[in-house]
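Subject: Structure handover

Hello,

Here is the structure I said I would pass on. My notes on it follow below.

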Amino acid sequence: MPTPPRSLSQVTVCLLLLGVLGFAMSAQYAIGMPPLLKADEKQHAAYAIVLSQGVLPTIDTNTPADPVRYPQFAEALFGLDEPRRDIWVANHPPLFYVMSLPLVWLGDAVGNVGVTLLGMRLLNALGYALSIILVGLLARELVPRRRVVAVLGAAMVLGCGAVTYDGGAIYNDGWGTVAASTTLLLGFRMVREGVTRDRLVWATVAGVAAAGFRSTGLVAVLVLGGCVLAALWLRDPTMRTFRRGVFLAIRIGLAPVIVIGWFYVRNIVLYGDPTASAALFEKFSRQTHGDTLFQLVNPQLYLHLYGSLWADDVIPKIWILAAVATLAVTVTGLVLDANAKARPRPAGVMRRVVIPGPEPTLLERRLELAVRALMGIYCVIIIVNLASFHAGGGWIHARYAVPFLPAIAALTSLAILRVGRRWVTCPDTVPDAVPDAVPDEERVDLVIAFYACAGFIVSALVAHLHIQQRIDGPADAAWLVALIAADVVMLAVAAYVTAQLRRRLRPETFDPAPCPAEAAAPVGTLLTSGQKRSSRRSFSG
């Protein structure tokens with residue numbers, strides 16, 4: 001008898017809906033912004049164009065500026081000095097630009113490079129939309145027993161005005177985030193559910209892609225190796241398991257070296273370091289901002305990085321108030337939550353929250369702690385690299401804060417769920433009419449999550465329309481019609497997503513309580529060529 005298809009969980013459907021809304025908003029920016037408006041767009045687009053001609057550019061390669069073939073570039077480059085007329089983003093690995101080649105060929109075929117530019121913006125918009133979904137999935141791995149955290153976290157990311165704004169530009173960050181987040185997600189799944197052949201293969205592929213999009217993807221590969229080691233060691237803490245984990249971690253780390261390592265070697269030969277940072281600082285005569293240690297202990301670095309998610313580039317600075325409000329709620333909620341766990345009250349905001357489902361075993365708690373520790377290691381390595389970059393003279397943009405969004409989203413969501421209990425009360429009894437109703441505290445979580453999600457969506461739309469007023473789009477009448485149509489579609493998608501969230505974040509329709517995790521299951525054995533192949537079988541130590 002054929003196995004009936006599995007339906008998507010309500011959490012997954014909600015995340016997909018938020019991702020669709022994120023794409024609609026970024027796509028509207030992609031249509032409405034004048035060509036090559038945002039910083040670095042010229043260089044990212046030129047990278048793909050030069051690559052389509054069979055040349056891998058360097059940071060000193062000139063941007064194509066033929067006024068007949070590339071009029072948008074000629075206009076955007078007018079008046080710039082020589083260094084800023086070069087493709088200085090050529091220090092990035094080429095995977096995103098290889099993905100863009102069909103768009104370049106399409107623009108050449110129709111004789112309009114504007115098709116290429118819009119296509120590359122929409123390609124990045126798709127990457128950012130998938131990133132919103134993956135942030136929610138990673139938040140679920142960090143807080144697995146509070147299932148609305150995933151939905152609430154993704155909605156919070158949507159409310160960060162700079163995320164969807166950057167999603168409408170020509171950047172490689174969207175797909176770089178997708179690959180790095182997928183690598184981490186598969187690694188965390190291995191920690192929780194065991195190391196299987198399929199997970200290893202797909203995680204390795206994701207790691208290679210992450211390293212092929214951006215150099216920061218190598219950090220995700222490093223953490224992936226730690227995930228494999230932790231997944232094996234915590235289930236079977238023996239030296240044999242440790243050696244097996246180290247062996248698998250090395251194999252995972254070697255895959256990007258074999259596939260894309262040549263590019264980083266090329267950077268070392270050409271510029272003296274794998275990311276060409278020193279050469280770029282010298283090229284643009286950047287001034288240093290102290291040393292790395294100074295930046296790591298400088299609160300302004302973290303405040304600037306956090307605030308950039310709401311107010312970056314041309315976004316009105318008034319939106320820094322949204323960052324301040326979100327940060328205040330997060331800090332307040334986390335303090336209240338810690339106090340409520342230490343000294344719970346029978347009612348009110350300080351009451352104990354009883355999470356549905358069986359109590360986790362000791363091993364499950366250790367695995368949960370390992371996931372959070374590995375996420376913390378990832379964030380620490382990224383912030384050290386970022387502090388070094390800023391100390392050397394680099395600027396801070398919202399795109400650089402995106403790797404921290406899973407941790408930020410999880411913490412903010414937990415804080416909102418705690419603070420929301422100040423206004424949402426828990427019913428004394430579960431109605432008899434709903435025999436399978438979600439336990440009381442999760443009913444409260446669902447109510448808080450819906451109103452918070454709706455608030456983030458409204459905030460995102462208001463910010464979107466506010467930012468639009470500061471962007472001078474093309475005066476062409478046909479383009480203006482397209483812009484208005486894109487606005488109408490975006491608002492319609494927002495209304496539909498909000499209505500769907502209201503329907504799906506109900507106790508009667510939400511996912512049933514989680515089953516006990518498979519974390520305590522015994523670890524299987526490595527498959528050999530003479531054994532039966534099974535992609536779901538676990539690796540042992």
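This is a predicted model: local features need pLDDT of at least 70, side-chain atom pairs count only at pLDDT 80 or more; totals for chains, interfaces and linings use all residues.

The crossing of H6 past H9 is left-handed.

On the H6 side, the residues that meet H9 are Leu-123, Asn-124, Leu-126, Gly-127, Tyr-128, Leu-130, Ser-131, Leu-134, Leu-137, Leu-138, Arg-140 and Glu-141. On the H9 side, they are Asp-173, Gly-174, Trp-175, Thr-177, Val-178, Ser-181, Thr-182, Leu-184, Leu-185, Phe-188, Arg-189 and Arg-192. Sorted by class, the contact of H6 with H9 holds 12 nonpolar, seven polar and five charged residues.

The overall picture

The protein has 541 residues, of which 54% count as buried. Its secondary structure consists of 20 helices and zero strands. Taking contacts between residues at least 6 apart in sequence, 80% join residues at least 24 apart.

Two further helix pairs

H11 (residues 217-233) and H12 (residues 239-271) also have axes 8 Å apart, but their packing angle is about 165°. Angles over 145 degrees count as roughly antiparallel, and H11 and H12 are therefore roughly antiparallel to each other. H11 passes H12 in a right-handed crossing. From H11, the contact takes in Leu-218, Val-221, Leu-224, Gly-225, Val-228, Leu-229, Leu-232 and Trp-233. Residues of H12 that they meet include Met-239, Phe-242, Arg-244, Val-246, Leu-248, Ile-252, Pro-256 and Tyr-264. The residues of the contact between H11 and H12 comprise 15 nonpolar, four polar and one charged.

In the other pair, H15 and H16, the axes are 9 Å apart and the angle is about 110°. That angle falls in the 65 to 115 range, so H15 and H16 are roughly perpendicular to each other. H15 contributes Leu-303, Tyr-306 and Gly-307 to the contact, while H16 contributes Ile-320, Ala-323, Thr-326, Leu-327 and Thr-330. The contact of H15 with H16 has five nonpolar and three polar residues, and no charged ones.

The loop between H15 (299-307) and H16 (320-342) contains Asp-313. Phi of Asp-313 is near 60°, which is a positive value in a residue other than glycine. Asp-313 has a relative accessible area of 40% and is partly exposed.

Asp-40 sits in the loop between H1 (10-32) and H2 (41-52). Its phi is near 75°, again a positive value in a residue other than glycine. Is Asp-40 buried or exposed? Residues under 20% relative accessible area count as buried, and Asp-40, at 17% relative accessibility, is therefore buried.

A buried arginine

Arg-418 belongs to helix H18 (residues 405-419). With a relative accessible area of 4%, Arg-418 is buried. What does Arg-418 touch, leaving out residues up to four places away in sequence? The list is Gly-333, Leu-336, Asp-337, Ala-340, Val-349, Met-350, Arg-351 and Val-353. For Arg-351 there is also a distance to report: its backbone oxygen lies 2.9 Å from a polar atom of the Arg-418 side chain. A polar contact requires a pair of N or O atoms within 3.5 Å.

Two pairs separated in sequence

Pro-71 is in helix H3 (residues 71-77). The C-alpha atom of Pro-71 is 9.2 Å from that of Gly-114, and the two residues are 43 apart along the chain. Pro-71 is partly exposed, at a relative accessible area of 37%.

Ala-482 is in helix H20 (residues 477-504). Ala-482 counts as partly exposed, at 31% relative accessibility.

Regards

Notes
Residues are numbered from 1 along each chain as its sequence is written. Side-chain values use heavy atoms; hydrogens and water are left out. Axes are lines fitted to C-alpha atoms, for helices over the stretch in contact, and angles run from 0 to 180 degrees between N-to-C directions. Helices (H or I, at least four residues) and strands (E, at least two) are DSSP runs, numbered from the N terminus. Angles under 35 degrees count as roughly parallel, over 145 as roughly antiparallel, 65 to 115 as roughly perpendicular and the rest as oblique. A crossing is left-handed if the near helix is turned anticlockwise from the far one by less than a right angle, and right-handed if clockwise. Contact means heavy atoms within 4.5 Å. Ala, Val, Leu, Ile, Met, Phe, Trp, Tyr, Cys and Pro count as nonpolar, Asp, Glu, Lys and Arg as charged, and the others, Gly among them, as polar. Buried means under 20% relative accessible area, exposed over 50%, partly exposed in between (1.4 Å probe, protein chains only). A polar contact is a pair of N or O atoms within 3.5 Å; within protein, one must be able to donate a hydrogen and the other to accept it, and residues adjacent in sequence count only if both atoms are side-chain atoms.
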